[in-house]
Amino acid sequence: MVQYGVVVSLLALVSSAQAIPRHPLPISELAKQVRTWDAHTGLGARQADLAALYPEYNLTTPIDHFHNDSSYEPHSNGTFDLRYWFDAQFYKPGGPVIVLSGGETDGSDRLPFLQKGIVYQLAKATGGVGVILEHRYYGSSIPVEDFSTENLRFLTTDQALADTAYFAKNVKFDGLEDVDLSPETTAWIAYGGSYAGAFVAFLRVLYPDVYYGAISSSGVPEAIWDYWQYFEAAAVYGPPACVETTRKLTHIVDNILIGKAGTDYVGKLKSAFGLPNVTYDNDFASAINGGIYGLQSLNWDPSQSSNSFFQYCGIVSNDSVLYPATEARRESVKELITVGGYKDELETLSNRFLNYIGYVNSTSVSRCTGDQDACYSTHDSAFYAQDDITQTWRLWQYQVCTQWGFLQTGSGVPKDQLPLISRTIDVDYSALICREAYNISEPAKVEYINRLGGFNISYPRLAFVDCEWDPWRAAGVHALEVHERISTPSEPYILIDRAVHHWDENGLFPNETTPELPPAPVADTQAKEAVFVQGWVQEFNGKY
């Protein structure tokens, strides 16, 4: 889940329903999350087909599972409808129930994984029932009448985990009412990607008698308030010339925004990018950093992928001027490079700076047709005050502010390193939404999330599948600084080469596969997942 311009933001949003969103988001992007239509209208053809193929069901579920916890006061004795979908086409006696945790999005966004992705694959391999289970507060699984801060008190990972356990103990699948699929007689296996990857890892640890196994794909079990490490993957695995250039150009920007604050050079810098009317310097810095964010949107599945990261890199590291119109700004750029401390590299950086300006203009500035603050600002108290049921942007942001963090800053980068985004994008700026929308001024309670092990979380029949190039890898068990584990059938530990973010989750129909798709590392990982889950199910059936 993206802050920069129209074209680039739309490209990144291709995968935003399947990954933790970028943070912070400008008001213009948050506003796109306001619910404006009923769940069954305004669907695209693909979504409509899936909705027809997989009817939705609901399980009446307690709003408050923890009446002994004062943080949920006033407590509630009410219930709500927890939405789910299932596919029993492969079910055979003794088969498991495979539950994909919906995570921080409308659960219907996950239906492709039931049709041809990881849930389909695992259900087919094991003779199981495949399930998509929506996370409380998202989609139509809403337990409250509005999204006021008081009514968001039940939006915690603990409550959602309890929902997931309650679901396994109480659901009766349509057409299988006479089949005992309770956790006492059936292996329940959970799968989740990204936030949901950490979620199912916690589920396995906290409810081991309910969920017999779990696969955490690109999971983020280490909650981090200042997550400057988000850009580590781009720095390590991105094209070296792109990384070096982006660092230097960002350093020039910071030497002006910070080092020359209050001078005319700040205005000259904004004007060079075509953004003279962006009031706040950090909003401006955020508006121009979209290219380096594109890595998360890369996917092996062409229907889900954006190549914007490598397009940006090819542009910003090119020594020829790719946007002829920017030539008119050459003298201004040379002055900015000089003032920014890179006079000795004028020959190399001038054309690259012009290309950077051209990229920002073509992907963002030219698409902003109104007031520039309206396009790029994060400052709008009136917007943040809205808390009716349509304001779905309040959901994940609340989880960020209260429990998870993951503020993606430039300021957190160690002083001996050059960041890939501006240091003006700091914790105070990134946490503005916490203060304005929820009146929360303290850091998220990440230590509560991390009590379950963080980087070191482990449990029998808990698999971790991560991706080498993933910006979220630094919050998981495959983080570069974390000691490597030995992979075993009970505790698989798999890193997919040259992959980005839970690439094992997607799938193709048989007529869509090619010698190159899925890529060998993905296909190999999915085959391994089928094998170890088969082993877990056999182990369960042997015991019970």
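**Notes on the predicted model**

1. Glu 529 touches residues from several parts of the chain: apart from neighbours within four places in sequence, its contacts are Ile 118, Leu 122, Tyr 191, Ile 215, Val 465 and Asp 504. Please bear in mind throughout that this is a predicted model.

2. Glu 529 belongs to helix H22, which covers residues 520-543. Is Glu 529 buried or exposed? Its relative accessibility is 0%, and the cut-off for buried is under 20%, so Glu 529 counts as buried. One of its contacts, Val 465, is 64 residues away along the chain, with 9.1 Å between the two C-alpha atoms.

3. The sheet to look at is open and has eight strands, in the order S1-S2-S4-S3-S5-S6-S9-S10, with mixed pairing. Strand S1 (57-62) and strand S10 (493-496) are the edge strands; each has a single partner, so one side of each has no neighbour in the sheet. From one strand to the next, the twist averages 25°.

4. Within that sheet, strand S5 (residues 188-193) is paired with strand S6 (residues 213-217) by five bridges, in the parallel sense. Ala 190 is placed opposite Ala 214 of S6.

5. Which strands does helix H5 lie across? Helix H5, residues 118-126, lies across strand S3 (97-101), strand S4 (129-133), S5 and S6. Relative to S3, helix H5 runs at about 170°.

6. How many of the residues of H7 are buried? The count is 10 of the 12, so H7 is largely enclosed by the rest of the structure. The buried residues are Tyr 195, Ala 196, Gly 197, Ala 198, Phe 199, Val 200, Ala 201, Phe 202, Leu 203 and Arg 204.

7. The second largest pocket holds about 420 Å³ of space. It is lined by 17 residues, of which Ser 71, Tyr 398, Thr 402, Gln 403 and Lys 445 are the closest to its centre. Helix H18 (residues 393-404) gives the largest share of the lining of this pocket, four residues.

Technical notes: Residues are numbered from 1 along each chain as its sequence is written. This is a predicted model: local features need pLDDT of at least 70, side-chain atom pairs count only at pLDDT 80 or more; totals for chains, interfaces and linings use all residues. Side-chain values use heavy atoms; hydrogens and water are left out. Buried means under 20% relative accessible area, exposed over 50%, partly exposed in between (1.4 Å probe, protein chains only). Helices (H or I, at least four residues) and strands (E, at least two) are DSSP runs, numbered from the N terminus. Two strands pair if DSSP finds at least two bridges between them. Axes are lines fitted to C-alpha atoms, for helices over the stretch in contact, and angles run from 0 to 180 degrees between N-to-C directions. Contact means heavy atoms within 4.5 Å. On a 1 Å grid over the protein atoms alone, a cavity is a set of points where a 1.4 Å probe fits but cannot get out, and a pocket is an open set with protein on both sides within 12 Å along at least five of seven lines; lining residues have an atom within 4 Å of a point. Grid points are joined across faces, edges and corners, and a volume is the space filled by probe spheres set on the points.
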